[in-house]
Amino acid sequence: MYGGFVKWQKGELSDGTDSIAVQVASENHWHGLRVLILVVSSQEKSISSTEGMRRSVKSSPFLQYRVEQCVDERLKLMEEAIQSQNFELFAEITMKESNQLHAVCQDTYPPIIYMNSISHEIVQLITAFNDQKIKAAYTFDAGPNAVLFTLEEYYDELLATLLNYFPPTNSNLENYINHTSSYIHSLTGKEKMFDGIQPHSSALIKIISTKPGPGAHLVSN
């Protein structure tokens, strides 16, 4: 299993043997890229990703449009963005792809709903955060949890903003996010405030701070 940046090559053979994972860049390629995982729910989803895709293939015209008109070009642009470390292009494609995934889910019949109200609040907040310049990107897989991408230079500002709008339910910050309390307190005053968006305590279970890493490997006890 590769680490870093990986694409799923669709392949051409009828038996699917050339539909494989290919590494685009290693985990050491983009040192300034940071990742925040916002855990909205830990519950098992009612419709699995496999079942959801089966339904979409069967009933969503928009999915077929994406296959024919969007996927190849966006994949090419995403690879270029990664190789050149063009964050604004990377972020734009990431968010557009997430939006279209969930648009396909809505276009499926019966519709599939993976995102919830908190997911949409996260989208609203990141959209406001990017008002003057794209500094963060959101993406949602088949579920309500968000993965955010940002650069090291925007990380403190983004995290401070998230903690302001999605504060923990208690004062135990180290159980809420994998940073020390002293570091979290050092972010005070760095948050951005936006009209029309209200803080929502207890909305998130936790925040996980990470970055692109290596693939799976054996470890010894």
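**Exercise 1.** Which residues form one aromatic cluster?

*Solution.* The model is predicted, so local features need pLDDT of at least 70 and side-chain atom pairs count only at pLDDT 80 or more, while totals for chains, interfaces and linings use all residues. Residues are numbered from 1 along each chain as its sequence is written, and side-chain values use heavy atoms, with hydrogens and water left out. Rings of Phe, Tyr and Trp (its six-membered ring) pair if their centres lie within 6.5 Å, and planes under 30 degrees apart count as stacked, over 60 as edge-to-face and the rest as tilted. The cluster consists of Phe5, Trp30, Phe87, Phe90 and Phe149.

**Exercise 2.** Characterise the pair formed by Phe90 and Phe149.

*Solution.* Begin with the geometry: the ring centres of Phe90 and Phe149 are 5.3 Å apart and the planes stand at 90°, so the pair is edge-to-face. Finally, Phe90 is buried at 4% relative accessibility, and Phe149 is buried at 16%, where buried means under 20% relative accessible area, exposed over 50% and partly exposed in between (1.4 Å probe, protein chains only).

**Exercise 3.** Locate the cis peptide bond that involves Pro110.

*Solution.* The bond joins Tyr109 and Pro110, with omega about -10°. Pro110 itself is placed in the loop between helix H4 (87-107) and helix H5 (117-129).

Note on methods: Helices (H or I, at least four residues) and strands (E, at least two) are DSSP runs, numbered from the N terminus.
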